[in-house]
Amino acid sequence: MTNLSPLTGSADEGAPLAGPDPDPSPGRRPRASGMRALVPTWSPKLATGLVLVLGIGLFGLFGPMLVGDPNAIDSMGMTSPSGDFWLGTTQTGQDVFAQLAHATRGSLQIGLLVGVLATLLSAVFGIIGGYVGGAIDEGFSLFSNVMLVIPGLPLVIVIAGFVPVQDRGWWTIGLVLAITSWAASARVLRAQTLSLRNRDYVAAARVAGEKRWRVVSVEILPNLLPLLASQFVFAIIAGILAEAGLSFLGLGASGSQTLGTMLYFAQNGFALQNEAWWWFVPPGAVIALFGCGLALINFSIDEIINPKLRVPKPPKGDAAEAIEVAVAPVPIEGAAAEAPAAPGVVRVEKRRDAVLTVKDLNVVYRTAQPVHAVKDVSITLGRGEILGLAGESGSGKTTLAYAINRLHRPPAEVASGSVTFHDRDGGDLDLLTLGDEELRRFRWAKLSMVFQGAMNSLNPVITINEQLDDVLTTHRPDMPRAERRARCEEVLHLVGVDPARLGSFPHELSGGMRQRVMIAMAMLLDPQVMIMDEPTTALDVVVQRGILREIIRLRDELGFAVVFITHDLPMLLELSDRIAVMRAGEIVEYAEADQIYDNPTHPYTRQLLESFPSLTGERGAFIRTGERTPR
Amino acid sequence: MTALEVRDLVKDYPIRSGLRRSTLRAVDHVSFTLTPGRTVALVGESGSGKSTVAKMIARLERPTGGEIVALKDDGTPVSDREYRDHVQMVFQDPFASLNPFHTIEHHLARPLRLHGRAKGADDTRRQVEQLLERVNLTPADTMAPRRPHELSGGQRQRVAIARALAPGAQVVVADEPVSMLDVSIRLGVLNLLARLQREDDLAVLYITHDLATARHFSDDILVMYRGHVVERGPADDVILHPRHSYTKLLAAAAPNPDERGRSLAESPGAISQEDLTRTYDHYAGEWRPFGKAAPIAKALADPAGTRRG
């Protein structure tokens, strides 16, 4: 009975709230150890939450020792707060402050009991069911579902009504509340366990020969800790609130003192009518503040589970300065001497009528440490040209594509440079200064995109026809229905999908077919530029070849230009007219495909080329003779 | 000498569509042997059943039919209890195959302890560091306490390879070990695997869809299509002189800058009718009928997809 602070309780759970003094900056330490990875990031929310919860917890823990007897009756009833009675007295002259201290302890006690029991129950049913699967899972799942549909509070009222008053201790109420509140958490845990169970590291542990209980407790459970902690905190709030509700209705534990019973007596003592605010406001405020504190802590735990919730700090005034520092040229070994980029760019500039010009584009992710993702990139896309953009992960190629189309989102920001679109009908558009409405009309109609893994971005519940039609109704509202239908059939025909498949749902098509549908969708409005970001990476080579063939044929027939982004340099060598090789945000080499293959000037280009062993050529010296690039 | 023998392996998956139940045969009578010091590549597209074969060898899936027998150096079969000491697996995605919660040391120490190769804390630590040094993750004492998210993809895959070696495995199944890595570090990881193979005389099953690395990295190649092995032989023979029309199709579809300028508009070809029931064996130099295995269904024989309705 000495340990009532929920914070200490959660530390016993092994939850992320590892102690009352979390490291203020765990994120900055690259080599954080142990549970440190699970400690929430320090934030004003967390601080406020901890202060509220700790304060109320300590009040509940030590308050009762410092105050007088809460039940001592005095002839002075209903006095307002004074030096003798900090929070005044009740109708029968009891000290409200003393009552509040004891009631806080009582409520926390019940909240903690409910939290621990409900979390244990949900963990047992959710995790074990989810991992073991089969009949046990079905059984556990059925049981949780039944528990879930039983309305909690009415059941508690019924049970509380059946249990004789003298047997109705605080733990009875806690037990009943726990039993009626674990099921929802169990379902969430089960879903998460099902997902974790299929991870490769669990398979790897099985291959290593780990026993089942160890796989669950050592490999799976730690990854569920943030979720468990958040459920634990939520169960405490729910427990305290439900108990307060019950006690207020007079169905609480007998002889117990909780915030709910205080409110019950205040109600019966006509505190409201007598305007004795000091009697009912304090218990209400304690409940509200404690719930608020736990909710704030829960926000911080949620950020561990879902890092996307972490909002980057807005850039300060010195951001521009930081960029200046980052823009400082990063030397690449041997680049300066061997790869004078400018002449190549000038040479190709005049060859074709340009459709898109990107000049000195800089894109920066304004995070705590700004990342300069695209550095001084200048490319010119000729009309009807296929431009290959080659680079590895983190080279900035996708960021560049998004920035061209203004699809980048904060914290990414275009720091400087220009993107100009040269319309077929004459007239140049500065894409970086277009208004929202102009941009909406421009996108897809003049410049469309096929995204990475695009075949999975079709909406599974509506037909191909509706999805294609949707684009037309948005951009060409005046187009009659029959014409729209004809256009949809036409584009499908163009990419080599039977127009009869218009009525199909995405899952009825193979991966290659879906990817073709996505390309058809990108072609629907007859764009002048298509940006394709790894459009074939998820596909088999035979299917990939079919799609590449289609792209080249359509380019020849329709004359649109393509920016083709991929890490697969051999594929680009076959496909593109020109290739830009990107590394660390910079274009290190930009030349004709033949030039890149026969006479690469930049060391990185050579390294990339060597990374692809030739299918039919000589065995490279590097294969099976030792490590050439020990990295 | 044989390290692992696979005989007539069959795997059926039940399919439920509405009330109808049927089975899909993912692997249909596949047989091969792995030899110490040699690499066999299992090549095929997604859905060809190559990963299912890997999972069955790693005992993550139970075969519907057929046998997988691991053999010790003296030719006696490995018992069920020792199987996991003998056969280990490297997974495709190093971002998924290491537990984000645990340190690198944990990932290596557990198999060492489980298989009784290390006794006591000091011995375990020493062996973990040895393993890390073998896969070029140095300095080992600063690598061991790190967590997976602090490592690059290539470094993670090295840890995964070290984990497979920890129990003293003689057979390593590498399921697309480099396909998730950046291209410039792929060869480094493959070369590492090749060096470890030489040092420990490992039998390696290399599963991939990349014909070029399969050719250079392995001694023998089996081409799988729809659960069947349709062609087998020495690596160069299979890639440079393919006989089965599916292998030809694959080879023609793979990007190959050496043949830059070949018209992309050309059709990569199709699978001939008679090849749906036979397999080519380069060792014997002859065609063989599928025998016990069912013919490949006609509807599936056009992987390039019909271009016009």
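How much accessible surface does chain A have, and what percentage of it belongs to carbon and sulfur atoms? In this predicted model, the accessible surface of chain A comes to about 28600 Å², and carbon and sulfur atoms account for 59% of that area. Chain A has 631 residues, of which 52% count as buried. Its secondary structure consists of 23 helices and ten strands.

Lys397(A) lies 183 residues from Ala580(A) in sequence, but the two C-alpha atoms are 9.8 Å apart in space.

In soluble globular proteins, nonpolar side chains tend to be buried together. Here the largest nonpolar core has 65 residues, and those with the most contacts inside it are Leu132(B), Ile161(B), Ile221(B), Tyr246(B) and Leu250(B). The element that gives the most to this core is helix H7 of chain B (residues 183-200), with eight residues. Apart from this core lies another, of 55 residues, which includes Val495(A), Leu502(A), Ala520(A) and Leu573(A).

The surroundings of Ile221(B) can be followed residue by residue. With residues up to four places away in sequence not counted, Ile221(B) touches Ala41(B), Val43(B), Ala214(B) and Arg215(B) on one stretch of the list, and Glu231(B), Arg232(B), Gly233(B), Ala235(B), Val238(B) and Ile239(B) on the other.

Arg215(B), one of these contacts, also takes part in a salt bridge with Asp236(B), at 2.8 Å from N to O. Arg215(B) belongs to helix H8 (residues 211-217) and Asp236(B) to helix H9 (residues 235-240) of chain B, so the pair ties together parts 21 residues apart in sequence. Which of the two partners is buried and which is partly exposed? Arg215(B) counts as buried, at 3% relative accessibility, whereas Asp236(B) is partly exposed, with a relative accessible area of 26%.

Side chains of opposite charge can pair when their charged atoms come close. Over all chains, 38 salt bridges are found. One of them joins Lys50(B) and Glu176(B), with an N to O distance of 3.6 Å. Lys50(B) is in helix H1 (residues 50-57) of chain B, while Glu176(B) is in the loop between strand E6 (171-175) and H7, so this pair ties together parts that are 126 residues apart in sequence. Lys50(B) is buried, with a relative accessible area of 5%, and Glu176(B) counts as buried at 7%. In chain A, the side chains of Glu210(A) and Arg214(A) meet in a salt bridge of 3.4 Å, N to O; Glu210(A) counts as buried, at 10% relative accessibility. A network of salt bridges links Arg516(A), Glu550(A), Arg553(A) and Glu557(A).

The backbone deserves a separate look. Most residues other than glycine have a negative phi, and most peptide bonds are trans. Asp360(A) has a positive phi, near 45°, and is not a glycine. This residue lies in strand E1 (residues 354-365) of chain A and is partly exposed, at 37% relative accessible area. Asn136(B) also has a positive phi, of about 65°. Its place is the loop between H4 and H5 of chain B, and its relative accessible area of 29% makes it partly exposed. Pro139(B) is in the loop between helix H4 (120-134) and helix H5 (140-143) of chain B. The peptide bond from Thr138(B) to Pro139(B) is cis, with omega near -5°.

On the surface, Leu58(A), Phe62(A), Met65(A) and Leu66(A) form a nonpolar patch with about 460 Å² of accessible area together. Leu58(A) is in helix H2 (residues 44-66) of chain A and is partly exposed, with a relative accessible area of 44%.

Note on methods:
Residues numbered from 1 in each chain as written. Chains lettered and ligands numbered in written order. Predicted model: local features only at pLDDT ≥ 70, side-chain atom pairs only at ≥ 80, totals over all residues. Heavy atoms only, no water. Core = buried A, V, L, I, M, F, W, Y, C linked by side-chain atoms within 4.5 Å. Buried < 20%, exposed > 50% of the residue type's maximum accessible area, 1.4 Å probe, protein only. Helix = DSSP H or I, 4+ residues; strand = E, 2+ residues; numbered from the N terminus. Contact = heavy atoms within 4.5 Å. Patch = residues over 30% accessible without salt bridge, like charges linked within 9 Å, V, L, I, M, F, W, Y side chains within 5 Å. Areas by Shrake-Rupley, 256 points an atom, 1.4 Å probe, with all protein chains shown as cover. Salt bridge = Lys/Arg side-chain N within 4 Å of Asp/Glu carboxyl O.
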